Amino acid sequence: MPRILGVDVPNDKQIQYSLTYLYGVGLHTAREACERLQIDPKRKAFDLSEEEVSKLAAFLESEYTVEGPLRRQLSSNISRLREVKSYRGIRHRLGLPVRGQRTKTNARTRKGPKKTVAGKKGVKDLR
């Protein structure tokens, strides 16, 4: 398995798809990197020489923010929002959707599994 920027990319896949295993590299970026370095994007990852792998790693590191630096940048952005107590920062802190989605229904990914409240269903009216 070629190791690019600290990540083992799959051997048996085309290099254009293998590069998407790097955090911050999508298919468009992977194809652009192959094109700029004149590497056939349809070649399998195990066909690449050590020189080509090092060229790819150097190119991605210099041209794009990927892997560790990108993760650090995102976490610092979120922590900045939390510190200034902006609306988005408060939503991050509470674990609720940040971008204006509804929360009465849905939002289960952010809120977690349902918490059932006892005694709500069978309450009778005593008038």
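Tutor: Helices are DSSP runs of H or I with at least four residues, and strands are runs of E with at least two, all numbered from the N terminus. By that rule Q16 sits in helix α1, residues 15-18. The model is predicted, so local features need pLDDT of at least 70 and side-chain atom pairs pLDDT 80 or more, while totals for chains, interfaces and linings use all residues. Numbering starts from 1 along each chain as its sequence is written, and side-chain values use heavy atoms, without hydrogens or water.

Student: Why is Q16 called buried?

Tutor: Buried means under 20% relative accessible area, exposed means over 50%, and partly exposed lies in between (1.4 Å probe, protein chains only). Q16 has a relative accessible area of 2%, so it counts as buried.

Student: What is Q16 in contact with, beyond four places in sequence?

Tutor: Contact means heavy atoms within 4.5 Å. On that basis Q16 is in contact with L27, A30, R31, P41 and K42.

Student: What makes the link from the side chain of Q16 to that of Q14 a polar contact?

Tutor: A polar contact is a pair of N or O atoms within 3.5 Å; within protein, one must be able to donate a hydrogen and the other to accept it, and residues adjacent in sequence count only if both atoms are side-chain atoms. The two side chains form such a pair at 2.7 Å. In helix α3 (residues 50-63), the side chain of E52 makes another polar contact, with the side chain of R43 at 3.1 Å. Setting aside residues up to four places away, E52 touches I39, R43 and D47.

Student: How do you know that the buried residues of α5 line one face?

Tutor: The buried residues in α5 are G89, R91 and H92. Seen down the helix axis they fall within an arc of 160°, so they line one face; the arc is that of the directions from the axis to the C-beta atoms. Y87, R93 and L94, on the other side of α5, are exposed. The cover over the buried residues of α5 includes α4 and α6 (108-111).

Student: What makes up the lining of the largest pocket?

Tutor: On a 1 Å grid over the protein atoms alone, a pocket is an open set of points where a 1.4 Å probe fits, with protein on both sides within 12 Å along at least five of seven lines; lining residues have an atom within 4 Å of a point. The lining consists of L74, N77, I78, R80, L81, R88, H92, V98 and R99. Helices α4 (67-83) and α5 (87-94) each give two or more residues, and α4 gives the largest share, five. The pocket has a volume of about 150 Å³.

Student: Why is R80 called partly exposed?

Tutor: R80, in helix α4, has 45% relative accessibility, so it falls in the partly exposed class. From R80 to R99 the separation is 19 residues in sequence and 17 Å in space, C-alpha to C-alpha.

Note on methods
Points joined across faces, edges and corners; volume = space filled by probe spheres on them.
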